[in-house]
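This report covers backbone angles and charged side-chain pairs. Please have the sequence and coordinates open while reading.

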Amino acid sequence: MKIRDFMLGFTTCNVDFKDIKKHPDGEGYQEAYKKYGESLLVDFPPFIALSTKPDKMADKEDPVIETRLKQQLENRYTRAVYDMPAAYLVYVDYRLTWLKDIKITSSAEIAERAPGQSLTDLFVVEDYFRHHAFIVTSNKNVITDDKKIVGISLSQYLSYKPMAPAGIYLRFKDNVSVSAPVTAQFTIELVTGEDKSIKTTAAAVKLAP
């Protein structure tokens, strides 16, 4: 894969991935993950899987965020899910935990940076999970302007003190390159406003100049 075509994404959920199997119908999702791997997290992330169950395992909704999501999204392609009459109702999820930092490292040298060295400043926000192109800030504002939420650096993104996104996709800045093909595993660490750290490592990917 050309490095310019590579996207690094992550999804968040209010329960640990392993806890989904505790739901009566959750084992099917576990089996699907074993079969499809990380592509399942892109197309059908855990929070969407939970939304299809009778007991959604959802946190209690925040009335302020709910109202602002309605105001921001009701005239666009989607609407927040609660109590909104609509011919076409789309499930929209959000978090109540704000992020202080996003740390990205690689197991291999990228752009002349040694393995384990921070790569965070080399990424920009490319997109969000479908119907989730918005940022909920720590003071519960909702930002939907594409110019403010897409194509921005991670430092810009973090300046909003954003609630953790349901799903977000990152890409390297245009000037980032590798001199030769390299196989790397990327690790993303999320640091919450309460200094809780959540870390995950993606499957290995081969990047070419």
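## Positive phi in two loops

Lys-161 lies in the loop that runs between helix H6 (154–159) and strand E6 (167–172). Helices (H or I, at least four residues) and strands (E, at least two) are DSSP runs, numbered from the N terminus. The phi angle of Lys-161 is near 50 degrees, a positive value for a residue other than glycine. Lys-161 is partly exposed, at 42% relative accessibility. Buried means under 20% relative accessible area, exposed over 50%, and partly exposed in between (1.4 Å probe, protein chains only).

His-131 also has a positive phi, near 70 degrees, and is likewise not a glycine. His-131 sits in the loop between strand E3 (123–128) and strand E4 (135–136). Its relative accessible area is 23%, so His-131 counts as partly exposed.

## Basis of the model

The model is predicted: local features need pLDDT of at least 70, side-chain atom pairs count only at pLDDT 80 or more, and totals for chains, interfaces and linings use all residues. Residues are numbered from 1 along each chain as its sequence is written, and side-chain values use heavy atoms, with hydrogens and water left out.

## Salt bridges across the chain

How many salt bridges does a search of the whole structure find? The search returns seven. A salt bridge here is a side-chain nitrogen of Lys or Arg within 4 Å of a carboxyl oxygen of Asp or Glu.

Asp-62 pairs with Lys-140, with the closest N and O atoms 2.6 Å apart. This pair links distant parts of the chain, 78 residues apart. Asp-62 is in the loop between helix H3 (46–51) and helix H4 (63–73), while Lys-140 is in the loop between E4 and strand E5 (142–143). Asp-62 is buried, because its relative accessible area is 10%. Lys-140 is partly exposed at 27%.

Lys-100 and Asp-195 form another salt bridge, at 2.6 Å from N to O. Again distant parts of the chain are linked: the partners are 95 residues apart. Lys-100 belongs to strand E2 (residues 99–106), and Asp-195 to the loop between strand E8 (186–192) and strand E9 (197–201). Lys-100 is partly exposed, with a relative accessible area of 39%. Asp-195 is exposed, at 54%.

## Further charged contacts

Arg-113 forms a salt bridge with Asp-121; their closest N and O atoms are 2.6 Å apart. Asp-121 has a relative accessible area of 41% and is therefore partly exposed.

Which residues are linked in a network of salt bridges? They are Glu-126, Arg-171 and Asp-174.
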